Amino acid sequence: NSSIITFGIGGFGINIFASSNSNIANNIITTNGTTGHGIYSLISNSNKIANNIITTTGNNGFGIYLDASSSQNNILSNIINTSHSLGHGLVLATTSKYNNITNNTITTNGPNGFGILFAGGSTDGNIFTGMKVTTNRGGVNPTQNTESNHKFTIKEMLKPTSKKIKD
């Protein structure tokens with residue numbers, strides 16, 4: 001149970017590097033500044049990221065960023081809010097596979113921010129269930145993904161000025 005606030009360029013709230021079986025839970029994380037990520041995971045597997053409240057306000061600020069072989073993680077019941085151009089809620093990049101992403105609430109307010117963004121190839125086999133995604137831009141952007149073998153069960157996906165998209 002921690003409160004973490006970062007300022008400036010490249011401020012990560014929590015940085016998980018080459019780690020397994022960690023439990024990142026019940027934190028309040030705020031990043032202010034360009035490329036500030038709430039939780040950044042690199043080459044980390046079988047971790048639990050749960051019940052965190054994450055707010056990013058800088059350009060390229062990502063709520064949770066699973067990068068380079070961050071696989072088989074459980075991302076559960078987090079609340080993610082981003083506000084700035086290219087502020088994405090959840091980013092899965094380069095061989096981040098087979099993650100269980102369940103019951104997260106993602107809100108992006110930037111003009112180019114996606115709720116869920118796939119960046120780079122081979123991010124297949126992720127399972128998304130019970131997600132609530134609200135965004136100005138688009139809920140999910142799988143266009144950069146070379147493999148699209150994901151299972152989605154989106155509870156709610158809203159654009160602030162549009163009607164609810166049904167399951």
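Here's a quick briefing on the fold, the cores and one surface patch of this chain. Keep in mind that the model is predicted. The chain has 167 residues, 49% of them buried, and its secondary structure comes to 17 strands and zero helices.

**Overall picture**
- If you look at contacts between residues at least 6 apart in sequence, 79% of them link residues at least 24 apart.

**The largest nonpolar core**
- This core is made of 20 residues, and I39, I64, L92, I116 and F128 have the most contacts inside it.
- At least two residues each come from β2 (14-17), β8 (64-67), β11 (90-93), β14 (114-119) and β15 (127-135).
- β15 gives the largest share, with three residues.
- Zooming in on I64, and skipping residues up to four places away in sequence, you'll find that I64 touches I39, I49, I54, I75, N78, I80, G89, L90 and V91.

- β2 and β5 run parallel and are joined by four bridges; F17 sits opposite L42 of β5.
- β5 also pairs with β8, again in the parallel sense and over four bridges, with L66 of β8 as the bridge partner of S41.

**A nonpolar patch on the surface**
- Which residues form a nonpolar patch on the surface? They're I28, I53 and I79, and together they have about 230 Å² of accessible area.
- I53 is found in strand β7, which spans residues 53-56.
- Why does I53 count as partly exposed? Its relative accessibility is 37%, and partly exposed is the class between under 20% (buried) and over 50% (exposed), so that's where I53 lands.

How values were computed: Residues numbered from 1 in each chain as written. Predicted model: local features only at pLDDT ≥ 70, side-chain atom pairs only at ≥ 80, totals over all residues. Heavy atoms only, no water. Core = buried A, V, L, I, M, F, W, Y, C linked by side-chain atoms within 4.5 Å. Buried < 20%, exposed > 50% of the residue type's maximum accessible area, 1.4 Å probe, protein only. Contact = heavy atoms within 4.5 Å. Pairing = 2+ DSSP bridges. Patch = residues over 30% accessible without salt bridge, like charges linked within 9 Å, V, L, I, M, F, W, Y side chains within 5 Å. Areas by Shrake-Rupley, 256 points an atom, 1.4 Å probe, with all protein chains shown as cover. Salt bridge = Lys/Arg side-chain N within 4 Å of Asp/Glu carboxyl O.
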